[in-house]
Every structure is written in structure tokens, then in C-alpha cells.
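Visitor: I would like to go through a few labels given to residues here and ask what each one rests on.
Guide: Then let us take them in turn, setting value against cut-off.

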Amino acid sequence: MNRRRGSRRPGEDVEELRSTTPAEEDLSPEEAARRLELCGPNEVQVEPRTPVWRRGLQQPRDPLILVLLVAAALTIATGDLSDAAVILLVITVNTVVGVVQEVRAEAAVMALSAMSAPAARVVRDGAERSVPAAEVVPGDLVLVAEGDIVPADGDVLAAALLLADESSLTGESVPVEKAPDGESSRGTVSAGTVIVRGRGRVQVTATGADSALGRIASLMGTAPGLTPLQRRLARFGRVLAAVTVALCAVVLALGLVRGQSAGTLTEGRMAAERLWTPRGEATVVGTGYVPEGRVVRDGATVTAGDVPELAALLRVAMVCNDAALEPPSDSSTEWRALGDPTEAALPGTGARLGLDRAALDRELPRVEEIPFDSGRKRMTTVHRRPEGGLRVACKGAPEKLLGPRILADGPDAIARAAAQAEALARGGYRVLAVASADHEETADRPPTWESGLSLLGLVGILDPPRSASQTTMAACKRAGIVPVLITGDHPLTARAVAERLGIASREEEVTTGERIREGTAGDLTGVRVCARTTPEQKLDIVQAWRGAVARSVADAAMRSARISPEGRRPLSKKGRPPSYRSQREA
């Protein structure tokens, strides 16, 4: 503060000066100057004020605030602006509160400085004179009167009805009477107190940092140590921040290696590669959703006029369709699917055979539809034909469509189509069966549109696995994580994808939604591939795995409780702790 720094202890110079200064004897100007050089000016020095902006930058040093800053940056990067605004609001409020507290503390120190007397009346060389309060030194004789601010600590040598207001130091609102008394506080005055009545003569005993006012300023200027509670909270904050970061990393890793559906394990770019009709097969050549390429049969490129049965298959598949293709734009250089990716693969396939989706929609306007749902697994639309009458178009899962309830084809034709669908599914294709029927337009609507249809053929759609999926699944298994494939695809298709990725390798590791519904699937945690599942069944599977994890933790805890080395809980004759039965019954 105001004392010159050195090896001497605080107050040591003052004590020496007091011992060498006779009571009631004033100082000479030369002696006062020497003591001023020795003890330093009589003032409460204040550290330079810290700018508010710097205080604001110093606030986010808490580990939890740093975690919130990282979270805010991530939410902004992901476009979640509402969450980012809430996080930034919390950080802002915390920063404002911290800055306000520091500014108030600084203002308190400045207030102490303002309490110092601007000037003092001293007696030097037998003459009364006014000097700046900063030049008052130990041993000075100071005259005080009503309304004066006491410039320094001192002993009262003479007093006439002297009362001092010490509320700024002691909090006592009643003025204290002062009189010469060497044995009590009545005989002393302190710097910064105010004389409210009377007058007196005081010999200075302490100035600057050694005075009562200076000691208070020193305490306020020194950063206090943390309390035990604050230290515990700081440790807790660091632990909580570390746990938060670790959990985020775990969730991110689990989301990458286990939270993926079949659509994220694969590239998600469907492409129809195989076409089958009762009259033959064909291969589709092209890339993704781009409506360019060709259809090959027996090694030769064909068009719609060359293969009318393939053209009929794809016409129905294109009109019984709610998806569309979006051409490249400024934001994307690739063709993109608008709607279901599986349906989006069909318009591009038709275009490779020379068919025009827009022309077909104009030629066969839709008048009615039965939308797809996860229970029926098929979609049916009704269109008005140019020559009159109605055309029913239906496409869906082979096991839901290839049957006498829907098809008018004979058993041999249906069995042949089912065998071909199974062969495509084993190859990893998603298979769609396509059928249609023409009706005369009458006033009486048929009981159902989904009966008496003629099978047109099958479409095999491939969604290749992502290049990194197999490596990710292998790393997942090495880490002890069990990947499970839950999908709405055909069991054989799901199995083929699971085998490619190393998720499943045995026949018993595959089950279906129908088995789950019938209760014949067994323990769902023993299955690695669940195919043809509904959204409700997917939730049931997840809940079963959660229960398995909880049981494994409980079993581990029970096994550890049953271990009874010396000094631990004794085991009963059956290897159980004595309280096992009561715990189990409870």
C-alpha cells in the first residue's frame, strides 16, 4: 500500500518513531520530511482500475463455463440456434454477475480512499499549519475539530467534549467520546473517522497502510483464499466437466457405432439393378438416382419398345409412387431423392428404359389410393386410363403381395415368383413385387382394389453398405459392444447386409417382426438381426436390451456381494449373505 517495501515488518518503523518522539512535542519540518521518506505518504493507494471488458474476458475460467462455451459452439455449428441462445444466455448472466461483484469490490476500495482526509492541521516548530493529509507522519501533532476527518491513527493528548463517529470502522452508529486515556480505546482515534463534536489534540501513531483504514484497504485489496465449500465446489465443477466431456465422447461413439439403422450403415442411395418378369430377367446399369444409363437383357441394351413386359412393370412402378428426383442445383451437385429412397429408385430406372415419369402421370392420372403402411407393407393406387376405365397399380413386399388373396395368377406362377424374390433377397437386394389390373369404370366400386391383380414382375433394389461400416462394426465388437441390426427389410436382405458387415453369421441370429408378434422369437437380446419390424417392435427390442444391461449390472453386483473374503460379509451355507432372503422378498 503506502509503506515502502523492505525487510522490516509492518508497523516496525512506526513503533521506532513513537519510542523516539516525546509526547506532546511537535516535529520540525526537516524531521517530518525524513519520516515521510521513511514511512511513505499517508494515503490509501488503490490499484489501477481494470477495464470492464477485461473483467468480462476473465470470467469464463470455470471448467463448467468452458464446457458451456464448447456446447454453444457445437449447437451453433449444427444449426440448433434455440439451444445455443439458451446456453449463451446462461454464460452471459454468469459473466455479468461476476463482473458486477468485482466492480462493487473495487468501488468499496475506492470508497475507502475517499474517506481519507484531504488536508490536516498540524503543529510543526511550534506553529499551526495546514498540510496535505498525505504528508502527515508518525509523531505529528494534529489538531482536530468538529467536521474534520481524522487523517491518521493517533493518541488523544487533549480533548474538549470530543466525539468521533467510528461507524465506518466499527458499525456503531452512536458517536464515541474521546479523552486522554492510555488504557482504553477512548484515548485513541482512527484514520477515516469523523469528529462530530468538540476539539482535540492528537499525536499520530500510524499512517498509510499501518493505519486502521490502511489495514482494511489491504485486506480488501488482497484476493481472499477459497473457503472449504468453495474448494469442494471447484473440485466438483472440474469432475463434472470431465464427466460431461467423457459422456459426450461416449454418446458420440455409441451413436457412430451402434445407433445406426440399416439406412445409415448403407450409403442410402438406392439403385434398381435387377428386373424380373415371368418372361425373363434384365440388368439395370446406372449410378444412384441419376436418370441416365441403360437396361441390358441377354447382353444387349433394350428400350421400352423392345421389351413390353419390362415397360409394363416399370410403368406401374412409376405411377404407384410418391417419390420424386431433384436435379443438381447450386446447393448440391448430385441428384437427390425427395421422399422414400426405395421409391425414388424407380423413376430413374424407368428413365433408363426410355420412360417419362411426367408423361405417365398425365396419361394415367391418379384418382384413388391406399397408402403404404408398416403393417400392410404395400401401396395401391387407382388411375384413369386414356381409353376409359381404371387401372389398379400395386407394389409392395413379396411376402405380402405374392398370394392368392391379391393375385389372380396360378399357384405355379406365384411359387416361381416367390422363389425368385427369395433368391434376390439372399443376394442383399430389397425386393418389390409389382402387380396391376384393369377395370371398367362403373358406378359400383369393387369391394377392394387389392384382389384379382396380375403379377407383372419383381424389382431388385440394392443399397450398398458404406465403406467404413464394416471397419466400424469390427471396432465395435473389439470394444465389447454388441451391434444389432433392426430393419424393415426382408429377413434374407437384412441377413445378407449383416453378414457383409460382420453383425450376424448364424441362422438363429435372425428373427422377424411376425415372430416377435407371435411370441416365438425368444429372448430378443440373443438376436442380432431383426427384420420386417414395425416401429413399435423396434422400441420393444431397445427396451429388452436396456433390461438386459440392467440385469447384467445387478447380477454383477450380486456376485460381488456373495464373495466373502476375510473381513467381509459372511456367507450362509448356501453361499448367500444372511440377509439375502429378506432382501429378495423385499
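Guide: Helices are DSSP runs of H or I with at least four residues, numbered from the N terminus. In this predicted model, Arg232 lies in one such run, helix α8, which spans residues 228-257.

Visitor: Why is Arg232 called partly exposed?
Guide: The relative accessible area of Arg232 is 47%, and because buried means under 20% and exposed means over 50%, with partly exposed in between, Arg232 is therefore partly exposed.

Visitor: Which residues gather with Arg232 in a patch of positive charge?
Guide: Arg232 gathers on the surface with Arg231, Arg235 and Arg238.

Visitor: What makes Phe236 exposed rather than buried?
Guide: Phe236, which is also found in helix α8, has a relative accessible area of 52%, and since the label exposed requires over 50%, Phe236 counts as exposed. Together with Leu64 and Leu240, Phe236 makes a nonpolar surface patch of about 250 Å².

Visitor: Why does Leu453 count as buried?
Guide: Leu453 has 0% relative accessibility, and the cut-off for buried is under 20%, so Leu453 is buried. The place of Leu453 is in the loop between β17 (430-439) and β18 (454-462).

Visitor: What does Leu453 touch, beyond residues up to four places away in sequence?
Guide: With contact taken as heavy atoms within 4.5 Å, Leu453 touches Val392, Cys394, Ile406, Leu407, Ala408, Asp409, Ala435, Ser436 and Ala437.

Note on methods: Residues numbered from 1 in each chain as written. Predicted model: local features only at pLDDT ≥ 70, side-chain atom pairs only at ≥ 80, totals over all residues. Heavy atoms only, no water. Patch = residues over 30% accessible without salt bridge, like charges linked within 9 Å, V, L, I, M, F, W, Y side chains within 5 Å. Areas by Shrake-Rupley, 256 points an atom, 1.4 Å probe, with all protein chains shown as cover. Salt bridge = Lys/Arg side-chain N within 4 Å of Asp/Glu carboxyl O. Lys, Arg positive; Asp, Glu negative; His and termini not counted. Charge placed at Lys NZ, Arg CZ, Asp CG, Glu CD. Helix = DSSP H or I, 4+ residues; strand = E, 2+ residues; numbered from the N terminus. Buried < 20%, exposed > 50% of the residue type's maximum accessible area, 1.4 Å probe, protein only.
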